[in-house]
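Visitor: I would like to learn how to read a protein structure. Please take me through it feature by feature.

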Amino acid sequence: MAKGAVFLVGAGPGDPELITIKALRRIRKADVILYDSLANPALLDEAPPHCERIDVGKRPRAQARQQERINRMMVERARKGLRVVRLKGGDPCLFGRGGEEMATLKAAGIAFEVIPGITSAIAAPAYAGIPVTRRGIAPHVTILTGHRESLDALPEVDWHALGQLGGTLVVLMGVKNRGEVARRLIQAGRPADTPAAVVQDGTLPNQTTVRCTLGTLAEVEARSPAAIVVGEVAASEFPWFDRLPLFGRRVMITRSRNQVGDLRGKLMGLGAEVLVAPAIEIADPSDWLPVDAAIGALERFDWIVFASGNAIERFFGRVRSLHGNLNGLADIRVAVVGRKSAERVRSYGLDVALCPYRHTAADLAAQFAEVNVTGRAVLIPRGEKGRRTLPDALRVLGARVREVIVYRTVKPPGMSGQVVGRLQRKEVDMVVFSSPSAASNCVDLFKQFGMPEITQTLPAACIGPTTAEAARNLGFSVVAQAADREVGIAGLVDSIQDFFSDLQRGIE
């Protein structure tokens with residue numbers, strides 16, 4: 001679809017990994033995102049840097065005026081030729097005013113597209129181990145809203161029919177009025193002892209499920225957002241989500257925003273709530289000329305050595321931008337620190353000649369001692385703040401070393417209000433560092449927001465010994481660290497899981 005269009009996108013029930021591929025593609029190309037309060041903020045991180053992000057979450061007692069404002073913004077921005085994503089919790093067409101917005105866009109002559117989302121009416125019970133339909137127990141499911149507006153719209157809701165219908169009822173937006181919903185259903189013929197369940201914060205790591213009956217629904221403590229399940233299936237107990245090893249744990253990761261994907265995905269897959277708080281940003285070197293000069297003389301080098309994934313991506317990217325391919329590297333031997341770095345190099349079609357058993361620069365330097373590099377020309381693309389261990393060791397071994405700066409790590413201007421608030425309320429269980437600069441910048445950011453004491457109280461996990469040493473020197477208690485043989489994201493995640501498992505056993 002061309003520019004100047006609106007995409008009504010379902011954000012899903014809460015877990016950002018439950019968004020569809022098509023929806024994610026639209027978010028990544030958006031010029032404007034108008035997002036609801038129930039859309040997971042993590043999805044906004046997928047938008048391009050230039051994208052305008054506008055919170056249009058509804059507020060009580062002013063929804064009609066707010067909807068008019070949303071309609072106006074969609075039309076105005078689309079008419080400017082912008083790609084507008086209207087990001088709505090759940091599915092846009094299930095109690096999401098998707099029909100009203102489609103009517104507005106059609107009347108205005110604006111091209112639009114609807115991208116369905118997974119509704120919490122199905123997903124929240126599923127994450128609680130409650131199937132909304134089940135052979136022999138619940139052959140059908142009915143979804144209704146418990147919003148006051150709908151309760152009062154008696155001609156539109158046949159409560160008598162609902163009371164006689166059987167099967168499963170799922171009530172959305174009904175926490176506040178759950179007593180009235182229960183009263184009407186019982187009055188219409190539903191037995192008071194019908195099983196019920198309130199699934200709060202469904203699909204999120206803080207999900208909780210309250211079991212009750214239709215007759216006691218009004219008495220149980222409950223909070224929004226929640227899906228209320230009424231019917232025999234509500235008595236089902238097939239727990240799986242809250243059995244995940246990191247369920248309920250809140251982990252803050254500090255990698256640059258474009259590098260959080262793998263780590264965040266693995267932690268979320270284990271049930272953790274992940275707070276993205278980049279403590280570093282990757283920037284261009286202050287001058288590309290030394291890099292370009294080295295690239296222009298690649299045939300003079302015997303070895304090229306990488307100590308980080310960032311160095312690989314930035315250097316190869318620069319080679320391709322200048323020459324369109326990596327052919328000039330075909331005859332150069334490549335050495336790397338770390339198995340993941342080796343995989344990255346191989347993904348570019350190049351072989352790795354040297355990768356140490358232990359994944360540190362010092363170990364790579366020791367392995368070079370077994371290779372005759374006397375008089376050999378070695379190119380080391382690196383970060384501006386890279387350590388001197390590797391180049392100094394190679395020079396001692398007689399190599400002719402040329403270092404070029406292919407990236408800088410810089411400190412972001414701040415942290416999001418959401419992250420700051422969670423830290424202030426002590427709602428973070430662990431901070432994760434993937435580099436010494438991330439740890440150092442994080443300390444500065446804590447001080448910037450008046451929280452220097454957090455360094456002493458927030459446990460840290462580190463990707464390897466170098467980062468762990470830096471974190472300890474800054475005052476952090478390092479409680480998890482990737483094993484020497486498993487330095488990398490997978491090893492880091494394993495160490496985090498081991499720490500929380502040991503902690504849980506200690507509590508029990």
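Guide: Start with strands and their pairing: helices (H or I, at least four residues) and strands (E, at least two) are DSSP runs, numbered from the N terminus, and two strands pair if DSSP finds at least two bridges between them. Here Ile304 stands opposite Leu379 in β16. Two bridges join β14 to β16, and these strands run parallel.

Visitor: What should I know about the model and its numbering?

Guide: This is a predicted model, in which local features need pLDDT of at least 70 and side-chain atom pairs count only at pLDDT 80 or more, while totals for chains, interfaces and linings use all residues. Residues are numbered from 1 along each chain as its sequence is written, and side-chain values use heavy atoms, with hydrogens and water left out.

Visitor: In what order do the strands of the open sheet lie?

Guide: Strands of a sheet pair through backbone hydrogen bonds, either parallel or antiparallel. The open sheet has five strands in the order β13-β17-β16-β14-β15, and the pairing is mixed. At its edges are β13 (281-283) and β15, each of which pairs on one side only. Neighbouring strands are turned by 25° against each other on average, direction ignored; axes are lines fitted to C-alpha atoms, for helices over the stretch in contact, and angles run from 0 to 180 degrees between N-to-C directions.

Visitor: Which helix packs on the sheet?

Guide: Helix α13 (residues 389-396) does, touching β14, β16 and β17. Its direction makes about 180° with that of β17. Contact means heavy atoms within 4.5 Å.

Visitor: How many residues does the largest nonpolar core have?

Guide: A nonpolar core is a set of buried Ala, Val, Leu, Ile, Met, Phe, Trp, Tyr and Cys residues joined through side-chain atoms within 4.5 Å. Buried means under 20% relative accessible area, exposed over 50%, and partly exposed in between (1.4 Å probe, protein chains only). The largest nonpolar core has 28 residues, and those with the most contacts inside it include Ile304, Phe316 and Leu379. Among the elements that each supply at least two residues are β14 (303-306), α10 (309-323) and β16 (377-383). The largest share, five residues, comes from α10. Phe316 is in contact with Phe306, Leu326, Leu329, Val345, Tyr348 and Leu350, leaving aside neighbours within four places in sequence. A second, separate core has 27 residues, including Met252 and Ala460.

Visitor: How is a pair of aromatic rings described?

Guide: By the distance of the centres and the angle of the planes. Rings of Phe, Tyr and Trp (its six-membered ring) pair if their centres lie within 6.5 Å; planes under 30 degrees apart count as stacked, over 60 as edge-to-face and the rest as tilted. By this rule the count comes to 11 aromatic pairs. Tyr127 and Trp240 form an edge-to-face pair, with 4.8 Å centre to centre and 65° between the planes. Tyr127 lies in helix α4 (residues 120-127) and Trp240 in the loop between β10 (226-230) and β11 (250-253), so the pair ties together parts that are 113 residues apart in sequence. Tyr127 counts as buried at 13% relative accessibility, whereas Trp240 is partly exposed at 37%.

Visitor: How many disulfides does the structure hold?

Guide: A disulfide is a covalent bond between the sulfur atoms of two cysteines. The rule used here asks for a pair of cysteine sulfur atoms within 2.5 Å. The structure holds zero disulfides. For Cys442, the closest cysteine sulfur is that of Cys462, 11 Å away, which is too far for a bond. Cys442 is buried at 1% relative accessibility.
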